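Subject: Structure handover and notes

Hello,

Here is the structure you are taking over. Please keep it open while you read the notes below it.

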Amino acid sequence: QVRLVESGGGLVQAGGSLRLSCAASGTVFSRNVMGWYRQALGKQRELVAGITRSGSRNYADSVKGRFTISRDNTENTVYLQMNSLKPEDTAVYYCYADPTTDRNPPLYWGQGTQVTVSS
């Protein structure tokens with residue numbers, strides 16, 4: 001059974017930083033595409049960032065230059081470094097994993113971690 005557990009969310013002031021982590025188990029981590037979605041209250045879930053098995057990254061336009069996704073295949077963990085946070089980044093952030101690159105929505109999800117950015 002695949003399990004994804006997020007951590008690192010919290011409350012931060014605008015302009016601050018947070019680092020989210022997602023630890024995976026029950027799967028061959030290195031074979032999966034990993035990434036993060038977020039869902040703000042009353043809005044649809046949106047893709048924030050993804051990273052392929054080979055390390056190729058993609059980002060939502062709204063976070064380019066501020067967020068960085070990375071993965072550690074030895075620790076089965078994917079990270080999202082979030083800098084210069086804005087109030088509009090407030091959302092529940094969900095980690096995902098999928099053995100393929102084009103499945104929408106992805107196959108596996110974490111439970112989510114709340115990120116709140118105060119103005």
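First, how to read them. This is a predicted model, in which local features need pLDDT of at least 70 and side-chain atom pairs count only at pLDDT 80 or more, while totals for chains, interfaces and linings use all residues. Residues are numbered from 1 along each chain as its sequence is written, and side-chain values use heavy atoms, with hydrogens and water left out.

Leu20 lies in strand β3. Strands here are DSSP runs of E with at least two residues, helices are runs of H or I with at least four, and both are numbered from the N terminus. Leu20 has a relative accessible area of 0%, so it is buried. The cut-offs, with a 1.4 Å probe and protein chains only, are under 20% relative accessible area for buried, over 50% for exposed, and in between for partly exposed.

Leu20 touches residues from several parts of the sequence, among them Ser7, Trp36, Val78, Tyr93 and Val115. Touching, or contact, means heavy atoms within 4.5 Å. The C-alpha atoms of Leu20 and Val5 are separated by 10 Å, and these two residues are 15 residues apart along the chain.

Val115, one of the contacts of Leu20, lies in strand β11, residues 113-118. Val115 also counts as buried, at 0% relative accessibility. Its contacts include Gly9, Leu18, Met82, Asp89 and Tyr93. Val115 and Leu18 are 97 residues apart in sequence, but their C-alpha atoms are 8.5 Å apart in space.

Aromatic rings

How many aromatic pairs does the structure hold? There are 4 aromatic pairs. Rings of Phe, Tyr and Trp (its six-membered ring) pair if their centres lie within 6.5 Å; planes under 30 degrees apart count as stacked, over 60 as edge-to-face and the rest as tilted. In one of the pairs, the ring centres of Tyr96 and Trp109 are 6.2 Å apart and the planes are at 50 degrees, so this pair is tilted. Tyr96 is in strand β9 and Trp109 in strand β10, so the pair ties together parts that are 13 residues apart in sequence. Tyr96 is buried, with a relative accessible area of 7%, whereas Trp109 is partly exposed, at 25%. Tyr37, Tyr94, Tyr96 and Trp109 form one aromatic cluster.

There are also charges over rings, meaning that NZ of Lys or CZ of Arg is within 6 Å of the ring centre and within 35 degrees of the ring normal. The charged end of Arg45 sits over the ring of Tyr94, 4.1 Å from its centre. The charged end of Arg19 sits over the ring of Tyr79, 4.0 Å from its centre.

The largest pocket

On a 1 Å grid over the protein atoms alone, a pocket is an open set of points where a 1.4 Å probe fits, with protein on both sides within 12 Å along at least five of seven lines, and lining residues have an atom within 4 Å of a point. Grid points are joined across faces, edges and corners, and a volume is the space filled by probe spheres set on the points.

The largest pocket holds about 180 Å³ of space. It is lined by 15 residues, of which Val33, Leu47, Tyr96, Thr101 and Arg103 are the closest to its centre. The elements that give two or more residues to this lining are β4, β5 (46-51) and β9. The largest share, 3 residues, comes from β5.

Loop residues

Asn32 is in the loop between β3 (18-25) and β4 (33-39). Is Asn32 buried or exposed? Asn32 is buried, with a relative accessible area of 2%. Its contacts include Arg53, Arg71, Asp98 and Tyr108.

Asn76 is in the loop between β7 (67-72) and β8 (77-82). Phi of Asn76 is near 55 degrees, a positive value in a residue other than glycine. Asn76 is partly exposed, at 26% relative accessible area.

Ser84, in the loop between β8 and β9, also has a positive phi, near 50 degrees. Ser84 is partly exposed, with a relative accessible area of 43%.

Finally, a cis peptide bond joins Asn104 and Pro105, with omega about 0 degrees. Pro105 is in the loop between β9 (91-98) and β10 (108-109).

Regards

Terms used:
Lists of a residue's contacts leave out its neighbours within four places in sequence.
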